[in-house]
Amino acid sequence: MIDGLAFALLGSALAIGLAGIGSAMGVGIAGEAGAGVLTEDPNKFGQILLMQALPGTQGIYGLLAGFWVLIKLGLFGGTPVEINVAQGLQILFACLPVAIVGLVSGVYQGRTSAASIGMIARRPEETGRAIILPAMVETYAVLALLATILLLNSIQV
Amino acid sequence: MAISAMEKVGVIAHHSLRKGILDQLQDLGVLEITEDEKDLFDEFVSPSVELGELERRLGELSYCLDFIDKYRSEKLGIAQSLFPSPIHMEKEDFLSCSFDYIPLYKTFLDWEEELNNIRSNLNRLNSNLEFMKKIQSVEVPLENLRGTLYTRSFLLEFPPKKKEALEEKLKERNLAWLREEFPGKGGNVLWWVIIHKSEEEAMEEVLAELSLSPVSLPQPFEGTPQEIIEDLEHRIGELQEEQSKLIEKAALQEKFEKEFKIAYDYYLSLWERYQSETKLLKTKETCYISGWVKKEDLPLVEESISQVGKEWVLYHREPKEGESVPVSLENNSWVNNFSVLTHLYGLPNYTEIDPTPFVAGFFFFFFGMCLGDVIYGLVLALSGFIAAACLDISDSTKLFLRMLAWGGVGAILVGTFTGSWLGDLFDYFPPSLSFLTTLKNGLMVIDPLNNPLPMLIFSLGVGIVQILVGIMLAVMKEWKRGNYAVAIMDHLSWFIFLVSIVMYIVGIAVSPLLASVALPIIIGGVIFLVATQGRHQKNPIMKFLSGLLSLYDLVSYLGDTLSYSRLFALGLSSTIIAILARTLGSLFGGYPYIGWLIALIVALVFHLFNLLMSGLGAFVHSARLQYVEFFNKFYEDGGKSFKPFGYKTKYVKIS
């Protein structure tokens, strides 16, 4: 028999997993572009590393949401809470915003980062603006995280 | 306000004073020389030294610096290559630079060429060696491959399964041939084949049928492969030794790096000097220097020129309308820490408002909300202030570090307010430290972990404040320019409208009286906006429609406000990751003996990671809120920065 816990854990796993995949892909895309620039000019390592790190936040947001679920369920150093199927499903759905948006926005932020890395390679004085462009994409991951937090907070267990 | 007032200066002087005046001005470093007003005269001063010559020297010096960098024995760390320490020098020492770099430059060129030769020789020898190792087992001297008067000999390499077919075919044709077999590499066999000269063609046909071809040597060799290999290895060893000796010698040249850098900057400032000279205009007897200077520095310019001689006149005037005036920002030292943000976005026009004081306050607070933890803030603030005070780095890097440090101070404030001290670590202190827990809880105003809504509303409230400040700045700007209608109808009306909407929403939640006061203002605002926003249209119906349409801007204000919810989300995120660090660490805490150590290390690594990522996020998102949500209300960039004529240096800091 499936109890609510399984659904809740699925939600937590999706949040951590999908958002993590999005970040991994994004950081990967940015890293490929960065490695190309570094072969030409190794002195830009600091700036490039910064740009590569930018799409890494989705994974953190996912981890955060998943962790929040675990705290809520009392699985982390508390007394485990009994939840029914309906509550489990509620938690699962609450996790979806950060999971889905994290996956997709991570990839797109990675692409924007890669483009910005190209911009830094040609015009190093524009680093400041180059950082802002990928941050525009991240807005939606932050909003999704916000939605997940508020949704989770509204579920009574 | 905080954009320095500029004056346009023109100096007409006798030619004999030109050099002296330029020397004085470069020394002073307050005047940006421009080459406008060309219509006054039509001849330019040609520089006394070829600029091309200086550019060649700069090129040679940067070649030398690259050479040193390439062969230096210890590579620079990231910190050093990111924040190089400047070379401090007295002005007199700098200007009397007499480093004769040419002999070293020539040596470097020679070495580089020698190294390149060695490298290409090594490549060739290594590929020969590789070839020889393939046929190492052949015991016949390779010069015999050429053949004799009546014979031809060649070497074949093929897989053993072709052996029978080959033997059969050769038998079929009844050729006179001789062979010796040696084991080859990769399971192949090697045949040394000798045939009579007259049967060469028949042999080639046989080989073609079996799609085999004789092994061809990359170059003629003498001796057996084994002998050749020994010889090659010996020569490679010699070359490698020579190479490492040269590289060692090259690495020693690091000691001249400082001299090269000083010489580079010396020629760079000379170049700047003569480059400026090309911007001067001249007549037969006089030359004309024009440029921009900060109003307060004007007496300095006059005083320094008067030291040179008497044959000059200076006039100055205020900038004309539409003239592109260079911009220099002037703020008090606290605000100045944040000026890097304005520079990153782009400087304001000369006639604009300098946003830095507002950006400084908001960024300080926003960064604090995003990082949102007392201990993280403390670490960031301490390391930032200490690094800025103690490290020998450029001034702009110091400003940046101090900006981050002040962000850390913001985080201390906000963290106290939300009760985040390394997440919830302080709740787990042993009873002996319980006073700290009491202190933490006593100072906490909002607990976003258990009740996130108040903090979210607070974030949006902060956002509304910034948006309203932005609109107010637009009102002030238009008012100052005399566009009273635009100021009142386009900006002030929105300001009042938005304030009344906020009042109404707050009123619904708190006091019905406030709501009932706000409602008529909202209705008035709507009517006013519909009535005025269509004033550019001629047709009365279009006037009404475009007025109505302008209310749609409310959506964009709403979007802007919601965007500030990130302050809450990011702040909560760093707190929760901090809790995660504590929880993960405590999982190991129960292990015997070294459990506490593992717990400490795990927690520390996680906290460090969180500090770095949350710090990055706090910087990026706080800056974004300034640029996207705040600046679009009033700000126009496009100013060019004020670059006074002085000693332009890359490595040296002149004192």
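This is a predicted model: local features need pLDDT of at least 70, side-chain atom pairs count only at pLDDT 80 or more; totals for chains, interfaces and linings use all residues.
Trainee: What length does helix α2 of chain B reach from its first C-alpha to its last?

Mentor: Helix α2(B) covers residues 51–71, a run of 21 residues. At 1.5 Å a residue, the expected value is 30 Å. The model comes close to that expectation, with a reach of 30 Å.

Trainee: Which elements are included in what covers the buried residues of α2(B)?

Mentor: The buried residues of this helix include L51(B), L54(B), L58(B), L61(B) and L65(B). E60(B), a glutamate, is also buried. Among what covers the buried residues are three elements of chain B: α5 (102–134), α8 (225–252) and α9 (257–277).

Trainee: How much area do chain A and chain B bury between them?

Mentor: The size of an interface is often expressed as the accessible area lost when the parts come together. The contact here draws 30 residues from chain A and 34 residues from chain B. Carbon and sulfur atoms carry 82% of the buried area, which is about 2,800 Å².

Trainee: How many salt bridges are counted between chain A and chain B, and which element gives the most to the side of chain A that touches chain B?

Mentor: The count of salt bridges between the two chains is 0, while 3 residue pairs are found in polar contact across the interface. On the side of chain A that touches chain B, the elements giving two or more residues are α2 (45–53), α3 (57–72) and α5 (127–154) of chain A. That side divides into 22 nonpolar, 6 polar and 2 charged residues. With 15 residues, the element that gives the most is α5(A).

Technical notes:
Residues are numbered from 1 along each chain as its sequence is written. Chains are lettered from A and ligands numbered from 1 in the order in which they are written. Side-chain values use heavy atoms; hydrogens and water are left out. Helices (H or I, at least four residues) and strands (E, at least two) are DSSP runs, numbered from the N terminus. The expected span of a helix is 1.5 Å times one less than its number of residues. Buried means under 20% relative accessible area, exposed over 50%, partly exposed in between (1.4 Å probe, protein chains only). Contact means heavy atoms within 4.5 Å. Buried area is the accessible area (1.4 Å probe) that two parts lose on being put together, summed over both. A salt bridge is a side-chain nitrogen of Lys or Arg within 4 Å of a carboxyl oxygen of Asp or Glu. A polar contact is a pair of N or O atoms within 3.5 Å; within protein, one must be able to donate a hydrogen and the other to accept it, and residues adjacent in sequence count only if both atoms are side-chain atoms. Ala, Val, Leu, Ile, Met, Phe, Trp, Tyr, Cys and Pro count as nonpolar, Asp, Glu, Lys and Arg as charged, and the others, Gly among them, as polar.
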